[in-house]
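Please read them with the coordinates open.

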Amino acid sequence: IADRQEGIGVCGWVLVSLSFLLVLITFPISIWACIKVVREYEHAVVFRLGRILSKKAKGPGMILVLPCMDTFIKVDLRMVTCKIPPQEILTRDAVTAQVDGVVRYRIHSAVSAVANVTDVHSATLLLAQTTLRNVLGTQSLTQLLAGREEIAHSIQATLGSATEQWGVKVARVEIRDIRIPVAMQRAMAAEAEAAAETRAKVVAAEGEMNASKALQQASMVLAESPAGLQLRYLQTLTTVAAQNNSTTVFPLPINMFGGLRHKSTGG
């Protein structure tokens, strides 16, 4: 609305004076038509002969209006939560998805909400749908799935700057659900399974390599101590004998293998 202060004119003042006179003549019966109650969470925008009275809202509490001269509109200032219907979007990497969300806002200027837009709630919801499609259209599917919080803040900032002139303060925007085609879900599941299998094979190969290095170091230690090799052999026999199995173990002296090795070398 314009900031300039314009009067209601001579005819307007005449009509207002007649209205005051009518109220005085019919007092106290007319007082019941002049008193209006505005709730704690509401503000009233009063129009006198089509102009907003004092360029500001009235209330909460009791307000006075002139019969036949004043009309008023109550504006609810409580937080409003509305659901953004599912929007079909095309991401930057050409993937079709359906995304819905929730937007929370409240009216902080009743005069702007009444004078600058026809239906502030419908306009805010439609603008939220358009902003959701525009912002998500610039993101890839991976960014959409992994960066919901950042995208929601971006939508909130864009939506808040557009609704500021309507007297609306956007408190929060949340992305609720992202639906992608079934074929894409299967492809993503297969990709994740293949990646997990690859990681498992890499971990198993690293384990085999570490085990081989440990066995190499153990063999070097046992080669320096023949008695240690004998003790390890006896410990292995104890482990096998403790199990309930039908395995028969014939212990042979370690020196015998050494004699056989020398004979084979001499032959």
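**Notes on the predicted model**

1. Val99 is placed in strand β7. Val99 counts as buried because its relative accessibility is 0%, and the cut-off for buried is under 20%. Leaving aside residues up to four places away in sequence, Val99 touches Pro85, Pro86, Gln87, Ile89, Leu132, Leu136, Leu144, Ile175, Asp177 and Ile178. One of these, Leu144, is 45 residues from Val99 along the chain, and the two C-alpha atoms are separated by 9.9 Å.

2. On the pairing itself: strands of a sheet pair through backbone hydrogen bonds, either parallel or antiparallel. Here β6 and β7 pair in the antiparallel sense over 9 bridges, and β7 (residues 96-107) pairs with β8, also in the antiparallel sense, over 10 bridges. Leu90 has Thr96 in β7 as its bridge partner. For Tyr105 the bridge partner in β8 is Val170, and Arg106 stands opposite Lys169 in β8.

3. The hairpin of β6 and β7 has 5 residues between the strands.

4. Next, the charged pairs. Side chains of opposite charge can pair when their charged atoms come close. How many salt bridges does a search of the whole structure find? The search finds 7. Glu174 forms one of them with Arg104, and the closest N and O atoms are 3.2 Å apart. This pair links distant parts of the chain, with Glu174 in strand β8 and Arg104 in strand β7, 70 residues apart. Both residues are partly exposed: Glu174 has a relative accessible area of 27%, and Arg104 has one of 29%.

5. A salt bridge also joins the side chains of Glu149 and Arg172, at 3.7 Å from N to O. Glu149 lies in helix α6 and Arg172 in strand β8, so this pair ties together parts that are 23 residues apart in sequence. Glu149 counts as partly exposed at 43% relative accessibility, as does Arg172 at 34%. Arg104, Glu149, Arg172 and Glu174 are linked in a network of salt bridges.

6. Lys201 and Glu197 form a salt bridge, with the closest N and O atoms 3.7 Å apart. Both lie in helix α7 (residues 182-224), 4 residues apart, about one turn of the helix. Is Lys201 buried or exposed? Lys201 counts as exposed because its relative accessibility is 56%, and the cut-off for exposed is over 50%. Glu197 is partly exposed, with a relative accessible area of 47%.

7. On the surface, Val14, Leu15, Leu18, Leu21, Ile25 and Leu49 form a nonpolar patch with about 540 Å² of accessible area together. Of these, Leu15 lies in helix α1 (residues 9-25) and is partly exposed, with a relative accessible area of 38%.

8. Finally, the totals. The protein has 9 helices and 8 strands. Of its 267 residues, 26% count as buried. The accessible surface comes to about 17,700 Å², and carbon and sulfur atoms hold 60% of that. Among contacts with a separation of 6 or more, 68% are between residues 24 or more positions apart.

How values were computed. Residues numbered from 1 in each chain as written. Predicted model: local features only at pLDDT ≥ 70, side-chain atom pairs only at ≥ 80, totals over all residues. Heavy atoms only, no water. Helix = DSSP H or I, 4+ residues; strand = E, 2+ residues; numbered from the N terminus. Buried < 20%, exposed > 50% of the residue type's maximum accessible area, 1.4 Å probe, protein only. Contact = heavy atoms within 4.5 Å. Areas by Shrake-Rupley, 256 points an atom, 1.4 Å probe, with all protein chains shown as cover. Patch = residues over 30% accessible without salt bridge, like charges linked within 9 Å, V, L, I, M, F, W, Y side chains within 5 Å. Salt bridge = Lys/Arg side-chain N within 4 Å of Asp/Glu carboxyl O. Pairing = 2+ DSSP bridges.
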